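Please keep the structure in view while reading.

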Amino acid sequence: MMSKPEESTTPDPCVSVVIPTCDRRIDWLREAIASVLKQSLPPLEVLVIDNGTREVARSDLPSGIKLFREQPRIGPSRARNLGASLSTGTHLAFLDDDDWWDENFLFEAFNACRRDSVRCVYGRILRSRNGQVYEHHNLTQGEISVDALLWRNPGTGGINLFIEKDLFLAVGGFDEELAISEDRALAIEILRAGEKIAIAPEAVVFARQHDGFRLSKTIRSKRAFILKYRDLMPRWVFWRRLLKYRWWELLRSGSRPK
């Protein structure tokens with residue numbers, strides 16, 4: 001746990017925190033919310049977007065939490081975008097319903113925005129399984145480029161994102177057509193808009209590793225990402241990756257290309 005940050009003379013941002021939830025254990029959702037409410041930089045509001053098949057009861061959540069019920073299984077991108085559209089803050093941060101933040105996450109993220117004069121920051125993700133915490137990937141500034149993000153996601157997630165609301169809306173939010181890699185696509189769109197992105201390793205988020213429901217990285221979903229950005233890739237890279245995914249699809253279906 002980090003020490004309490006020193007007081008700042010810079011006005012605090014009005015941060016809206018969006019937490020999508022979908023049939024998650026209620027104790028995990030409560031832990032996620034509790035980590036937000038304990039922030040040294042208190043958020044303006046916490047919006048829970050419930051899109052599970054089992055409805056979350058308002059009585060299960062702390063008082064003051066804004067709970068919105070949406071259609072089941074609309075997906076994390078749409079749920080986050082809905083939360084952003086309903087928010088009233090100047091800045092946005094997103095947390096999944098099975099993860100939690102260090103108590104200084106928002107402060108450190110905002111401090112990085114102010115320090116580097118940027119409108120978007122990514123914090124540091126640590127993995128947690130059965131009480132053991134270990135490094136996910138130590139995101140570096142050199143990995144925040146369009147070329148690097150086209151190859152892989154070095155750690156630009158939704159759960160470690162801190163962004164001005166106006167910028168988030170200007171680039172279209174999370175791509176609702178992408179089942180996975182929507183977080184990586186958002187970072188690419190921010191860079192393509194000419195904005196800089198800062199890294200805040202002191203802004204820590206803990207990603208819970210478990211055997212419950214998580215989005216699977218299907219070949220079809222991976223193919224959707226490269227189709228979206230085909231014009232940014234060298235032609236040979238695009239076709240090699242597309243044909244690789246097509247071959248894997250055929251192998252999994254038991255077919256063989258003729």
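Is Phe238 buried or exposed? In this predicted model, Phe238 counts as buried because its relative accessibility is 3%, and buried means under 20%. The points below place Phe238 and other aromatic residues in context.

**Aromatic pairs**

- The structure holds seven aromatic pairs.
- One of them joins Phe94 and Phe174, whose ring centres are 5.4 Å apart; their planes meet at 80°, so the pair is edge-to-face.
- This pair links distant parts of the chain, 80 residues apart: Phe94 belongs to strand 4 (residues 91–94), whereas Phe174 lies in the loop between helix 5 (165–170) and helix 6 (182–192).
- Phe94 is buried, with 1% relative accessibility, and Phe174 is buried with a relative accessible area of 1%.
- Phe238 and Trp239 also form an edge-to-face pair, with 5.2 Å from centre to centre and 70° between the planes.
- Within that pair, Phe238 is buried at 3% relative accessibility, while Trp239 is partly exposed at 40%.
- Ring pairs connect Phe94, Phe168 and Phe174 into a cluster.

**Charges over rings**

- The charged end of Arg80 sits over the ring of Phe174, at 4.8 Å from the ring centre.
- The charged end of Arg241 sits over the ring of Trp151, at 5.4 Å from the ring centre.

- Asn81 is found in helix 2 (residues 76–86).
- Asn81 has a relative accessible area of 13%, so this residue is buried.
- Leaving aside residues up to four places away in sequence, Asn81 touches Phe168, Gly172, Gly173, Phe174 and Glu176.

Key:
Residues are numbered from 1 along each chain as its sequence is written. This is a predicted model: local features need pLDDT of at least 70, side-chain atom pairs count only at pLDDT 80 or more; totals for chains, interfaces and linings use all residues. Side-chain values use heavy atoms; hydrogens and water are left out. Helices (H or I, at least four residues) and strands (E, at least two) are DSSP runs, numbered from the N terminus. Buried means under 20% relative accessible area, exposed over 50%, partly exposed in between (1.4 Å probe, protein chains only). Contact means heavy atoms within 4.5 Å. Rings of Phe, Tyr and Trp (its six-membered ring) pair if their centres lie within 6.5 Å; planes under 30 degrees apart count as stacked, over 60 as edge-to-face and the rest as tilted. A charge sits over a ring if NZ of Lys or CZ of Arg is within 6 Å of the ring centre and within 35 degrees of the ring normal.
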